[in-house]
Amino acid sequence: MKRIQVTQEGVVFSLALILAVGLAIGLGKKFYDINNLVTLIRSVAILGMLGLGMGVVIIGRGIDLAMIATMVVSVSVVLVLPQASSNLPLALLIGLVFVLGIGLLSGVLIAYAEIPAIFTTLAMGLVVYGVGRSFFFRIDNLNAPQGYWWFDFLGHGSILTLPLGNGHAFELPAPIGAFAMLGLVLFFLLRWTRFGRFVYAAGDNPLAARITGTPTRLVLVAQYVISSVVAYLAGIVMAAASYGMNTRIYNSTMIYDVLLIVVLGGIGLSGGRGGIRNVLVGTLLVGVLLNGMTILDVPYTQQNLIKSIILLGALVIDSLINPRDEQTTQQGDV
Amino acid sequence: MAWSKAFVRFRYHYLPDHVIGELLAKRWMDNLIPFASLVLVIAIFYPFVPDLFAAGQLSNLGRQFAEFGLVTLGLAIVMLSGGIDLSVGSVFAVSVLVGLICVNVWELPIWQAFIAVIAVGAGCGLINGFAIGYLRLRAFLTTLVTLVIFRSLYEFVIIDYSTAIVANMVDSDLWDFLGVGAVAGVPFSLIITLTIAFIWHIVLSRMRPGWRLQAVGGARRSAYNAGINVRRTVCGAYVWSGLLTALAGFLFAARLGSTGSDTGVGLEIQALTAVVLGGISLGGGRGSVAKAAMGSIFVLILTNSLITLGIGGAVSSLILGVVLIVAVYVDVRWLKNRHKLLNKVYVSPTYAGLGPAMDTSANSASPFAVNDKLRNVEIIGCGLIEGPEDVILDREGNLYCGNRHGDIIRFSGPDFADPEVIAHVGGHPLGLAFDPTGNLLVCIGGMGLYQVSPDRVVSKLTDETNRSLFSVIDDSRLRLADDLDVAPDGRVFFSEATIRYEMHDWAVDALESRGNGRIICYDPRTGRTRTEIRGLVFPNGICMASDGQSFFFAESWACRVSRYWFDGPKKGQVERVLENLPGYPDNINRASDGCYWVALLGMRSPALDVALRRPGFRRRMARRVAQDNWIFPNINTGCVAKFSEQGEILESLWDLGGENHPMITSMREHKGYLYLGGIYNNRIGRYRIPGADPNWCSLDDRGSPT
């Protein structure tokens, strides 16, 4: 008889279902209304994109705490550029160069200077925001330029419209499309390319990967470049969806939400485990949770409290599934 | 040529380049980088910030340091245990809030408020500690999450109390004194912090809990396998962090009397920067209170100066982030390369020119002319012992020797058939001697001077001596006690071959050929140990002279034997007895005819002799060539020589083919026979001395005062 294996992914997925059913019963129409469900996914599409980037880095046994700063600052830099209103593609290209610089710097510091990822990215967050705040923008709200249909579509368009009769229509918003596209690209990258296998190898056992000839340092640098670019893409979608960028998002606890998605989804923090599917599952649960709390009108502070307690619980489960003890812990692995 | 030679001698005599390596080996050298950066930041900001060290500023800085220093200390403790605590900022905010609610709103007595604050802080620490220590979560993420949890709780509570806190200002002298009081101009809170820091310094550097903490941080697996309760230790570190942070919050509450939405925000980054900048390693296990203090002063001066200069929050956090990256980078590099650097510079050869060696060619008239007298010696205990450096016999004719497993072995006379381990001393026994009461005294490499009594009880006589005033290395511990002899009055004189290397690195000391060794006197009447002669080149054998006021000692790498008077009219004088020996002298013992035996453990070779005159060459060799390929003293051939008290070599005994005795480190005459030991041999040799007194026992022929 085949034993049914309990995976974290499965647990989280069922949890999300139970929570959704519970909310649907408790809140009725408010929750399971098709448009609310679409809103639900749309609101977490950006979080999900960030989670995809974070997932790649965590699979490679790293972490990128600078993602939010990168997202906020890079998009803000694009928006304050004089080209933003005259030639948005050029401005976006400049932003891309900026973001590549951030990712390269983090990656080089981590891979070649051998500074622990967690500290590098923590400090990089401060540095990136400090640079943006002191040299590029001073105001909190930056408005997105008008008059670019594709930019507008990215935020508010619908990639799929199904008429439901009685005047309503089911619309699949573009941010969700962007999320799905990114997920697909990263899925292929991780699953079907040599680079992807290297990421898993280096994350699972860096020393063994290095001995067998994997260019671990380059793979590390590439991971942080990818996470920075993903943060940038998420930022563009965010700017398109909310007509601009609020730089105060940097001060929020969004990075914990991203971690929540990845860790809840079941990507082990010790690297080499999990994949894009885990991020999707994690996003689903967090989405249901956030949506439920918003509908229930839970104050922001309490939402933070609940989310962080859940994250703590997820960490406990992670440590139970991937146990570490005195014999297996890597020295200096905080 | 002569000039350059003189210059090389002069340079190596007066430039103590071995000190560099010894300094680098010191743990407190880690403080150099934080101290230099502290000086640097002061040098940078002093010209721009006019009243950086004005009296008022200084007192303000002192109070800030009192609070920030406690937080840093807590974080330092956690990081020493191999973890990290990012929740300090939130715990700090919560503590400030609890303190203010207790004092201002509930109007509790100060001591009750204090207990409440400490309890809350310790509770927060316990949550972290339980999760990380017992549930073994990752410290970084866990404390990142608890940071949010505690912060949310703070924001949750402050909504209800913020107005009440501001509205009710208490009138308590103690509360004010905690906040703004000073004793003799020193802020009271600073006194509290300095006291706590001092206590923690003692705990970390000199007490068992502190050592355990650092053991867990430095090598968790080893600490676990050594039986340390790792989980409890880790948990305890977080509790202490919470506790100290709470105390800091309490002092902050007393000083400012209010709290806002930004209290404690970003404190963890500041504290982290301070701790890492101070040189406390991220991996754990390395750090000190002084480092944490230096780091926090650095950060305080930096942030205060930036505020005075009117530089905004974003820029100053940018600077803090850059400083953090640079600090971690330097820490990682230092940790990774320090021992490499140390390996490169520790070995520092010096000029050691030797005179021309005495002739050893077979057909010469030299007393060292090689022969085969030892070719046919009797073999005792072949294959039963390993490494009998020294041998000795008692009056009954039993033979004693040590082995490299750390035992004292006795072969019962007269047939020496059955070896018996009479005592386990734990280290490789080198020199052996009987004291007048029949105890066997043993010099044990790496341990010191020990005694084995006739009833086989092992006891330590001494393992330390007085520390030299200007020695960088702590030379109070004995590293390589080598040979000994007992003076007629009972004093034990023993040699320590080198203070710079462990026993197995004796060959590296040969490469240095510096005067790294010394002769030490242990006086059993007072139990005191004093260093008699310093700066000897690998002092090895020691043997009392017949006048009872002096002894002969051999300096191996200097190829000479000298005589030292410890009593009588010539007290304190050293005279050369034998010089330019063809090999490296080891143990010296008395012969029945009033002369002395000396063993040559190896022979000089022309190549090494040239190398000894070229310290630069040897240093390059030590840095660039693997140790296996260094030029070593040739220890494959050795001999025993007899010399008179006047310094005349009378005869030498060789085993040229090296079949029976490839190397000889010791010999002992007893009742007409000479017993031979060698540190790398698996046997003891017995040579019949033609014409020797068949009743002579070395124990009955101690030098007596004349």
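This is a predicted model: local features need pLDDT of at least 70, side-chain atom pairs count only at pLDDT 80 or more; totals for chains, interfaces and linings use all residues.

Biologist: How many residues of chain B are in contact with chain A?

Modeller: 38 residues of chain B are in contact with 37 residues of chain A. In contact means that the C-beta atoms, placed from the backbone, lie within 7 Å.

Biologist: Which element of chain B gives the most to that side?

Modeller: Helix 15 of chain B, with 12 residues. Helix 7 (139-167) and helix 11 (220-225) of chain B are also among the elements giving two or more. Helices here are DSSP runs of H or I, at least four residues, and strands are runs of E, at least two, numbered from the N terminus.

Biologist: What is that side like by class?

Modeller: It has 26 nonpolar, 7 polar and 5 charged residues. Ala, Val, Leu, Ile, Met, Phe, Trp, Tyr, Cys and Pro count as nonpolar, Asp, Glu, Lys and Arg as charged, and the others, Gly among them, as polar.

Biologist: Switching to chain A. At what angle do helix 3 and helix 14 of chain A pack?

Modeller: About 145°, with their axes 9 Å apart. Axes are lines fitted to C-alpha atoms, for helices over the stretch in contact, and angles run from 0 to 180 degrees between N-to-C directions. The contact includes A:Gly48 and A:Gly51 of helix 3 of chain A, and A:Gly282 and A:Val286 of helix 14 of chain A. Its residues divide into 10 nonpolar, 9 polar and no charged.

Biologist: And helix 6 of chain A, what should it span?

Modeller: Its 24 residues should span 34 Å, and the end C-alpha atoms are 34 Å apart, so the two agree. The expected span is 1.5 Å times one less than the number of residues.

Biologist: Which residues of helix 6 of chain A are buried?

Modeller: Among them are A:Phe98, A:Ile102 and A:Leu109. Buried means 20 or more other C-beta atoms within 10 Å of a residue's own, exposed means 12 or fewer, and partly exposed is in between, with C-beta atoms placed from the backbone. The cover includes helix 7 (117-135) of chain A and helix 15 of chain B.

Biologist: Now strands. What order does the open sheet of 4 strands in chain B have?

Modeller: The order is 8-9-10-11, with antiparallel pairing. Two strands pair if DSSP finds at least two bridges between them.

Biologist: Why is one side of strand 8 and of strand 11 of chain B left without a neighbour?

Modeller: Both stand at the edges, each with a single partner strand, so one side of each has no neighbour in the sheet. Strand 11 of chain B is joined to strand 10 of chain B by 4 bridges. One bridge partner pair is B:Val452 and B:Val458.

Biologist: What do strand 25 and strand 26 of chain B form?

Modeller: A hairpin, with 6 residues between them. They run antiparallel, joined by 4 bridges. B:Tyr675 stands opposite B:Arg686.

Biologist: Last one. Is B:Leu80 buried or exposed?

Modeller: B:Leu80 is buried, with 27 other C-beta atoms within 10 Å. It is found in helix 4 (residues 55-80) of chain B. Leaving aside neighbours within four places in sequence, its contacts include B:Leu213 and B:Ile280.

Note on methods
Residues are numbered from 1 along each chain as its sequence is written. Chains are lettered from A and ligands numbered from 1 in the order in which they are written. Two residues are in contact if their C-beta atoms, placed from the backbone, lie within 7 Å.
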